[in-house]
Amino acid sequence: SGDIVLVRTGAFAAAKAGDFMGYLGEIDPEAMLAKSAGIGLTSALWFHEHEIAAVATDTLAFEVLPWDPAVPGALLPMHCIHLVDMGLTQGQNWDLEELAADCAADGQYDFFLEASPQPFVGGVGSPVNPVAIK
């Protein structure tokens with residue numbers, strides 16, 4: 001279908017309010033482990049079944065931390081599955097607060113989203129300037 005899914009956890013809102021530790025998530029320095037909300041391993045099948053074209057979150061790492069125990073030793077498993085295996089475009093660190101408030105105000109949650117990457121030659125990632133048009 002080519003739909004895009006935006007996942008708002010509130011993490012970016014925490015950063016905007018000055019709570020940078022809330023944005024980073026919970027850090028356990030003894031275990032060298034971070035804990036934060038994000039996209040989990042089981043979402044890959046749902047995104048595939050629904051033919052999702054792209055997914056973006058308001059979180060720093062995009063995926064849930066710690067990573068799924070079903071993939072011990074994996075580094076950024078959702079990045080690998082989405083980008084490499086599925087060709088699913090992925091975004092992170094999106095400020096979704098204003099869009100969420102606007103959607104709640106008028107009850108319209110469908111919109112055209114333009115978020116073209118910068119044309120870097122040989123790049124594997126790029127900043128975007130997303131624009132939602134209702």
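**Close-up views: salt bridges and pockets**

View 1. K134 pairs with D102 in a salt bridge (Lys or Arg side-chain nitrogen within 4 Å of an Asp or Glu carboxyl oxygen). Their closest N and O atoms are 2.6 Å apart. The model is predicted: local features need pLDDT of at least 70, side-chain atom pairs 80 or more, while totals for chains, interfaces and linings use all residues. Numbering starts at 1 along each chain, and side-chain values use heavy atoms, without hydrogens or water.

**View 2. K134 and D106.** D106 also forms a salt bridge with K134, at 3.0 Å between the closest N and O atoms. D106 lies in helix α5 (a DSSP H or I run of at least four residues) and K134 in the segment after β7 (131-133), so the pair ties together parts 28 residues apart in sequence. Both are partly exposed: D106 at 43%, K134 at 39%. D102, D106 and K134 are linked in a network.

**View 3. E97 and R8.** These two form a salt bridge, with the closest N and O atoms 3.0 Å apart. E97 sits in helix α5 (97-106); R8 is in the loop between β1 and α1, 89 residues away. E97 is buried at 17%. R8 is partly exposed at 48%.

**View 4. Second largest pocket.** Strand β1 (residues 4-7; a DSSP E run of at least two) gives the most, three residues.

Conventions:
Buried < 20%, exposed > 50% of the residue type's maximum accessible area, 1.4 Å probe, protein only.
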